[in-house]
Amino acid sequence: MRVAVIGGGIAGVSAAYELTRSGTEFVLYEASGRLGGIVETVRRDGFVVECGPDSWVTEKPWARELAVELGLEEEVIPSSDFQRRTYIVRGGELVAMPDGMRMMIPTEWEPLLHSPLFSSQALLSYQREPERAEELKASAPESDESVASFVRRHFGDEVTDTVGAPLLAGVFGGDVDQLSVRAVMPAFVKMEREHGSLITALEKNSRGAASASVFTSLKTGLQTLIERMVAVLPTSSIRLREKVQKVEKSGGKWHVFGASREEFDAVFVATPADVTRALLSPIDSAFDELLAMDASSAVVVALAFAPEIAKSLQISRGFGFLVPQNRAAGRASAPSLLACTFVDQKFSHRAPEGGVLLRAFFGGESAPLLANSSDSEVIGLAQQQLSALLGPLPAPSFTLVRRWPRSLPQYAVGHLERMEQLEARVRALPGLQLIGNAYYGVGLPDLIRQGRETARRVMAPSP
Ligand SMILES: Cc1cc2nc3c(=O)[nH]c(=O)nc-3n(C[C@H](O)[C@H](O)[C@H](O)COP(=O)(O)OP(=O)(O)OC[C@H]3O[C@@H](n4cnc5c(N)ncnc54)[C@H](O)[C@@H]3O)c2cc1C
């Protein structure tokens, strides 16, 4: 069996790693000059700067399992949850989310009721939600709905706009009016089905639950996961700077056109949805429609302040802030920050002692507006908006800008049904496997699991 893996992001590299473990011959095609895709860490002057993902969700075990397997147990670090606090920007100020919130759902009443974040009307909606359990169960639609519609049914407009939309935009860079609740918040949909009220469901589920940190990362950054996997891949199997132009199927074999045409028994397409669509539509035109997805872009701006410079900074205690975007106003005319992480407070080992590392994001409608701006213009804009919220910022020791155009696919309402149809088309083409962030989760643990399981499944002896 000879396998082509097209795309060397975390999904493709995880699949290649598993193929190596089973001794399967493969070629990993990567268009750029490095492996990892959106996973990229820059280590400089004692700072560890993540250009893409900064952590994984602790609840999902597959990234940690892989790290341990790769001998990285000593590297694993929890988020510093003793100082976990997220701020929402309201009227140009940082207002703390009440303690005990899980996404937009409270698990404690006291902090919520004393929070200046919500009006008395919104607090009333929260208080009434458990009483409306039966009505909420009954009002749940038979089919999928948008995240906005789901949150609105439970907590009303204000909660949707003030915390629901910015929280989801922070993770998916997306629009809550478009995102599918069943695809992006399946656990909450299950809670509604079982309990009606989300507040009651969380109360019951959290009884006796151990409180682990919410996020997990690695001391030297997430790129270490990639580096460790790549270290065991046969170098002769890795083709950097080899963009696959075309894929064909004939005579029971797959033909992959990179620098030359090569023949394979199976092909794992691990490229972003747009590329996968372009590669597969000529084979089956159904892919053209099924893989036509919106994808949001992100621009990451990191500002690093060495200890002697950082002394003058007074950053609030917490993990960072989210900026609600003006959803009613239609297309943004000027780029506005979507979020900022206070990196050195969220994780240890990210800055030298006393140093400060800020990571600001432009996303949603703002990222495309910056497509033609130079890096120094983007940095200037970020500094201006950050200093309006955090106070005057000294000149950073160094800065970094990374642009991730169309990097996060938007799971629109009806996504899971579309995925079923997609799977049926894939099954009709034996040897084809689709992996990556366009299908069943954008987070690293899901992609690692998917890459590895796909390789194991394909290599498993047939019964
Ligand atoms: C700013 C940002 C922050 C994020 N933060 C988090 C986080 O904290 N935690 C988390 O879990 N997730 C996070 N995510 C999501 C997560 O990083 C991504 O979903 C994930 O890294 C995508 O991996 P992938 O392998 O599917 O795709 P990619 O990483 O996009 O890899 C695809 C690869 O295919 C290559 N390629 C494209 N075309 C071709 C071709 N024709 N031939 C060969 N190769 C090709 C590309 O060069 C690329 O290397 C974040 C995403 C972004 C953008």
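A crossing of two helices is left-handed if the near helix is turned anticlockwise from the far one by less than a right angle. With that in mind, I turn to the structure before us, which is a predicted model.

I begin with helix H4, residues 120–128, and helix H6, residues 147–172. Their axes come within 8 Å and cross at roughly 125°. That angle makes H4 oblique to H6. The crossing in which H4 passes H6 is left-handed. On the H4 side, the residues in contact are Ala122, Ser125 and Tyr126, and they meet His154, Phe155, Glu158, Val159 and Val163 of H6. Sorted by class, this contact comprises 5 nonpolar, 2 polar and 1 charged residues.

H1 passes H18 in a right-handed crossing. Among the H1 residues that take part are Ile10, Tyr17 and Arg21, while the H18 residues include Leu444, Arg452 and Met459. The contact of H1 with H18 divides into 10 nonpolar, 2 polar and 4 charged residues.

Is Thr41 buried or exposed? Thr41 is buried, because its relative accessible area is 7%, and buried means under 20%. The side chain of Thr41 makes a polar contact of 2.8 Å with the side chain of Glu50. Neighbours within four places in sequence set aside, Thr41 is in contact with Val48, Val49 and Glu50, and also with Thr220, Gly221, Leu222 and Gln223.

Methods: Residues are numbered from 1 along each chain as its sequence is written. This is a predicted model: local features need pLDDT of at least 70, side-chain atom pairs count only at pLDDT 80 or more; totals for chains, interfaces and linings use all residues. Side-chain values use heavy atoms; hydrogens and water are left out. Axes are lines fitted to C-alpha atoms, for helices over the stretch in contact, and angles run from 0 to 180 degrees between N-to-C directions. Helices (H or I, at least four residues) and strands (E, at least two) are DSSP runs, numbered from the N terminus. Angles under 35 degrees count as roughly parallel, over 145 as roughly antiparallel, 65 to 115 as roughly perpendicular and the rest as oblique. Contact means heavy atoms within 4.5 Å. Ala, Val, Leu, Ile, Met, Phe, Trp, Tyr, Cys and Pro count as nonpolar, Asp, Glu, Lys and Arg as charged, and the others, Gly among them, as polar. Buried means under 20% relative accessible area, exposed over 50%, partly exposed in between (1.4 Å probe, protein chains only). A polar contact is a pair of N or O atoms within 3.5 Å; within protein, one must be able to donate a hydrogen and the other to accept it, and residues adjacent in sequence count only if both atoms are side-chain atoms.
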